[in-house]
Amino acid sequence: MQNRGRTVIAAAVAALGLAGCGGSTVERSITAATVDTAPGFSPGVITVDKGEEVVLTVGNSTARAHGFAIEGYGVLEEVNPNIPLELKFIARKGGTFKIYCQLHKDTHQPATLVVQ
Ligand SMILES: [Cu+2]
């Protein structure tokens, strides 16, 4: 099985700049998966601390491509089956942000990013 991940530095990070970042780095992962017989994300909630650099691995355990977007963080990607995507961003904004699939907005259950 191929496992060619690609790394994306979220646009929001570039816009805000990386200079002056003294925070720690945390790794999280989330996977587009079938949740209760419908497309969703697992886990449904990702929690990080404000100011942390987040290395987020986005997987896809389903048979088709899914979108991966984080509202408020400028993330808008696609993730193909079994080709994980690595996203890096700094959690500069606190709050609760919707994670959703822009390809199947009506049927794909959203998840949540909590920056505390
Ligand atoms: Cu989807």
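A nonpolar core is a set of buried Ala, Val, Leu, Ile, Met, Phe, Trp, Tyr and Cys residues joined through C-beta atoms within 7 Å.

**View 1. The nonpolar core of the predicted model****.** The model shown here and in the other views is predicted. Its largest nonpolar core has 23 residues. Ile30, Val58, Ile70, Phe89, Ile99 and Leu113 have the most contacts inside this core. At least two core residues come from each of strand 2 (25–35), strand 5 (53–60) and strand 6 (66–70).

**View 2. The protein chain as a whole****.** The secondary structure comes to one helix and 10 strands. From the N terminus, the elements run β-α-β-β-β-β-β-β-β-β-β. The chain has 116 residues, of which 26% count as buried. Take the contacts between residues at least 6 apart in sequence: 68% of them join residues at least 24 apart.

**View 3. Confidence along the chain, with residues 12–20****.** The protein chain averages a pLDDT of 89, and 84% of the residues score at least 70. Over residues 12–20, the pLDDT is below 50. This stretch has nine contacts in the model beyond near neighbours in sequence. Where pLDDT is low, the predicted coordinates should not be read in detail.

**View 4. The pairing of strand 6 with strand 7****.** These two strands pair in the antiparallel sense. Five bridges link strand 6 and strand 7. His66 stands opposite Val79 in strand 7.

**View 5. The surroundings of Val79****.** Val79 lies in strand 7 (residues 75–79). Val79 is buried because 25 other C-beta atoms lie within 10 Å, and the cut-off for buried is 20 or more. Residues up to four places away in sequence aside, Val79 touches Ala32, Val58, Asn60, Ala65, His66, Phe68 and Leu85. Among these contacts is His66, the residue that stands opposite Val79. Val58, also touched by Val79, is one of the residues with the most contacts inside the largest nonpolar core. Phe68 and Val79 are 11 residues apart along the chain, and their C-alpha atoms are separated by 6.9 Å.

Notes
Residues numbered from 1 in each chain as written. Predicted model: local features only at pLDDT ≥ 70, side-chain atom pairs only at ≥ 80, totals over all residues. pLDDT = per-residue confidence, 0-100. Contact = placed C-beta atoms within 7 Å. Helix = DSSP H or I, 4+ residues; strand = E, 2+ residues; numbered from the N terminus. Buried ≥ 20, exposed ≤ 12 C-beta atoms within 10 Å, placed from the backbone. Pairing = 2+ DSSP bridges.
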